[in-house]
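Thanks for coming. I will go through one structure today, starting with the terms and then moving from the overall picture to single residues.

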Amino acid sequence: MLGFTLARLQYLDLDGHFAKSATPGDWYWYRANHYRVGISLHLGCILPAGLLMVWQFIPVIRHKAILFHRINGYLIILLVLVSNVGALMIVRRSFGGELATQGAVGLLVILTTLGLGMAYINIKKLQIDQHRAWMLRTMFYLGTIITTRLIMIIAAQITSRIGSYFVLYTCDELRFIHNNNSTYVQGAYPACGPPGSTNSSGQAVVHANFKAGTAEGIGASLRLTFGTAIWLAFFMHLVGVEIYLNLTPREARRLRQVSYERQLEAGYESPGNAGLVVERWGDADEWKPSEKI
């Protein structure tokens, strides 16, 4: 997460590094209107959040710098929530804005927002074990974008080798990609007429070929595979974090005991169960504290 975030900090220069590195065709939309506001909010918040969240999982900081851990946590929650708003503002045009992409991003926004909410409620109730679980879930969900990039590149290579995939681009996007070279666009894509004609703002079919050597061919292959990649990555992270949580039951039990002691000192009626624990909602056996640790 830290390495990925550091590598992407240059994207904060929207008109420079980001404009040059964005998927071909995306900057046509991001450069103006509410899409620019959305990408600015998203990158301007999620990148700082990515840097800050690393420190939340360093034991010495959690134990020795509690005030920093707390303030840092509030900042991360705020930054992620604002970045989610930005993501929703741009998703219609991100990597072509296909319904698969919109659905995946929408679900990711919902689950990360709910995860942060659950983590916040539990820590306010001193339910540290559940706070840990929900923060881990949220961080794993946010890490989906890293795995997505890897899967997308691999899938783009595979689909390019197959060679029978095509993606729609608007003629305006194609002209923008080629610096308004209408002659080239009209010659390569006859569906795009000269500016001012009836079909000048239509759509053209672009061969999805990552190795084609054309910007739109590369962009088409990335647009084609992004929806599949993000769903696969999201599934992997969703399952992976639950496997991790189930493989660390001793830490969960230890923090449940710490929660019990903190809640007992704070005068809660049901210490150990003040937060959103399963015993309050399901049919789990009653939790009993062990001897004081």
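This is a predicted model: local features need pLDDT of at least 70, side-chain atom pairs count only at pLDDT 80 or more; totals for chains, interfaces and linings use all residues.

Residues are numbered from 1 along each chain as its sequence is written, and side-chain values use heavy atoms, with hydrogens and water left out.

Overall picture. The protein has 13 helices and two strands; these are DSSP runs numbered from the N terminus, helices being H or I with at least four residues and strands E with at least two. Along the principal axes, the C-alpha atoms fill a box of roughly 80 × 35 × 30 Å. Of the 293 residues, 44% are buried. The accessible surface is about 15600 Å², and carbon and sulfur atoms account for 62% of that; areas come from the Shrake-Rupley method with a 1.4 Å probe, and for residues only the protein chains shown count as cover. Take the contacts between residues at least 6 apart in sequence: 70% of them join residues at least 24 apart, where contact means heavy atoms within 4.5 Å.

Now helix α8. It covers residues 128–142, 15 residues in total, and runs 21 Å from first C-alpha to last, close to the expected 21 Å at 1.5 Å a residue. The expected span is 1.5 Å times one less than the number of residues. How is α8 placed relative to the rest of the structure? Largely enclosed by it, because 13 of its 15 residues are buried.

Leu126 is not a glycine, yet its phi is positive, about 65°. Its relative accessibility is 25%, so Leu126 counts as partly exposed. Phe95, in the loop between α6 (66–90) and α7 (99–124), also has a positive phi, near 50°. Phe95 is buried, at 7% relative accessible area. For context, most residues other than glycine have a negative phi.

Next, the disulfide, meaning a pair of cysteine sulfur atoms within 2.5 Å. The structure holds one, and it joins Cys171 to Cys192 with an S to S distance of 2.0 Å. Cys171 lies in helix α10 (171–177) and Cys192 in the loop between α11 (182–188) and β2 (203–207), so the bond ties together parts that are 21 residues apart in sequence. Which hand does the disulfide have? The torsion about the S-S bond is about -85°, so the disulfide is left-handed. Both Cys171 and Cys192 are buried.

Gly202 is in the loop between α11 and β2. Not counting residues up to four places away in sequence, Gly202 touches Tyr169, Thr170 and Cys171. Gly202 is partly exposed, at 23%.

Leaving aside neighbours within four places in sequence, Thr148 is in contact with Phe226, Ala229, Ile230 and Ala233.

Last, Leu247, in the loop between α12 (215–246) and α13 (249–266). At 64% relative accessibility, Leu247 counts as exposed.

How values were computed
Buried means under 20% relative accessible area, exposed over 50%, partly exposed in between (1.4 Å probe, protein chains only).
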